[in-house]
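Here are a few notes on the salt bridges, jotted down while going through the model. Have the structure open as you read.

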Amino acid sequence: MTDKSKSHSNPEPSNPRLVAVNTLKRISSGSGSLDQLLASDRLESETRPLVYEMVYGVLRHYFSLCAMVDHHLQSPLRKKDRDVYCVLLLGAYQLKHMRIPAYAAVNESVMLSKSLRKPWARAMINAILRNIARELDGDKPDKKKTPAHQKPADEAHYDHPTWMIVRFQNAYPQHWEEILRINNTRAPLALRVNLSRICRDSYLKLLLDAGHAAHSGSSRAAITLDAASNVQNLPGWDDGYVSVQDEGAQQLSTLISLNPGTRILDACAAPGGKSLLVLEQNPGVCLTALDVDPKRLARITEESKRLNLPSPLLLSGDATTNDWREDSSAYDYIIIDAPCSGSGTIRRHPDIKLLKQDEDIYKFAELQLQLLQNLWATLSEGGTLLYATCSIFPEENDLVIKTFLAHTDNASACPVDLDTGHETLFGYQLLPQEDGHDGFYFSLLKKQQS
């Protein structure tokens, strides 16, 4: 008979370094995004911060770490040994960017070869990481010829892929280096105060009384914490006093002021941050939230309950078609937070630098134009459409609007004026700010009366 007690015994706690290596392997192989993979791992609360620090850190400095490791590799590792390469990257990150003693970082990395069942890699991992440790400690690096497989110097210096560096240079010749530098920093934790429950000054006092250093942000409901925190432990979290939302996205509140009864469609709505902001600051509107992903859409109902807000009407469907429409009624206001490259949020999603490719920008632009053209037909005459992305590439922003206006006789762009960012030809562009908002784009379009 089998020993059932053994087969149902509790598994040993996950090795955070092994979880980090497996996550990095899948991301660098294009097999999943950071959010998807970390959400799927059942991490113990005590190991989660270390896993996040290591995974985010390696991705943030991926290209420079690759250059460090590649310098000591005689030849590229085989595709099936991608996990060993990720061990080396993780070890190099710990040596250069974490306060972990060199002997511990090296030894822990060497031990991972056993967990991966690749004992042949033990000596190689040990030798390469010890060489890197000596170089970081001040020893002169080996002057041997740079391997042919090493990353280009630009990538290693700026920790971005070459195609992305070139795009930033072309779009922002005066600011591109600052953008790249900020992309490699940690993003601040921004909060949106639920103004239907409490005013910002009162909630800021609650934070300060609870020992959280914080300051007001650029939009009327924004607060930025000076240090990261478990948001569920913030005062009033369970009572719906506050949500997490970047200051850039919160600028939407400056552009939207709606009367009770206004019919508004939030297309591409999930996970619902903008829908809930509208409901908090525009009571009495009739809001419909549309998204192609029903599971992510359901989170809006959960959050609306926590925030003590009426749940919007939820519709699941593809906004480039009309299959989701329940009737022919037009909307007074439409928000399109369009799918995009996410180039304005790289510090929050450093895996973008690995997962996105240059040609993806044109694919996103085509999708964005389809969304505009299809949803425009559902907007009432005299109505307003707010187009937004978290991209800073003009090809996804002003150039999409330019193409749309050129082919749409009854559409015109309205002026957009915010306290931050800069005006563009057809909208307003926010660039990522250190200790401030992410990169974001807004364009307001008016549908003319016939």
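Are Arg-192 and Glu-280 buried or exposed?

1. Both ends of this pair are buried: Arg-192 is, and so is Glu-280. Keep in mind that we're looking at a predicted model here. The two residues form a salt bridge, with the closest N and O atoms 2.9 Å apart.

2. Next up is Arg-186, which pairs with Glu-53 in a salt bridge whose closest N and O atoms are 3.0 Å apart. This one also links distant parts of the chain: Arg-186 is in the loop between α11 (176-183) and β1 (189-193), while Glu-53 belongs to helix α4 (residues 48-60), 133 residues away. Arg-186 has a relative accessible area of 54%, so it counts as exposed.

3. Then there's a pair within one helix. Arg-181 and Glu-178 form a salt bridge, their closest N and O atoms being 2.9 Å apart. They're about one helical turn from each other because they lie 3 residues apart in helix α11. Arg-181 is partly exposed at 35% relative accessible area, and Glu-178 is partly exposed too, at 39%.

4. Have a look at the network as well: salt bridges link Arg-78, Asp-81, Asp-83 and Lys-118.

5. For the overall tally, searching the whole structure turns up 15 salt bridges. Among them are the Arg-192 to Glu-280 bridge and the Arg-186 to Glu-53 bridge.

Key
Residues numbered from 1 in each chain as written. Predicted model: local features only at pLDDT ≥ 70, side-chain atom pairs only at ≥ 80, totals over all residues. Heavy atoms only, no water. Salt bridge = Lys/Arg side-chain N within 4 Å of Asp/Glu carboxyl O. Helix = DSSP H or I, 4+ residues; strand = E, 2+ residues; numbered from the N terminus. Buried < 20%, exposed > 50% of the residue type's maximum accessible area, 1.4 Å probe, protein only.
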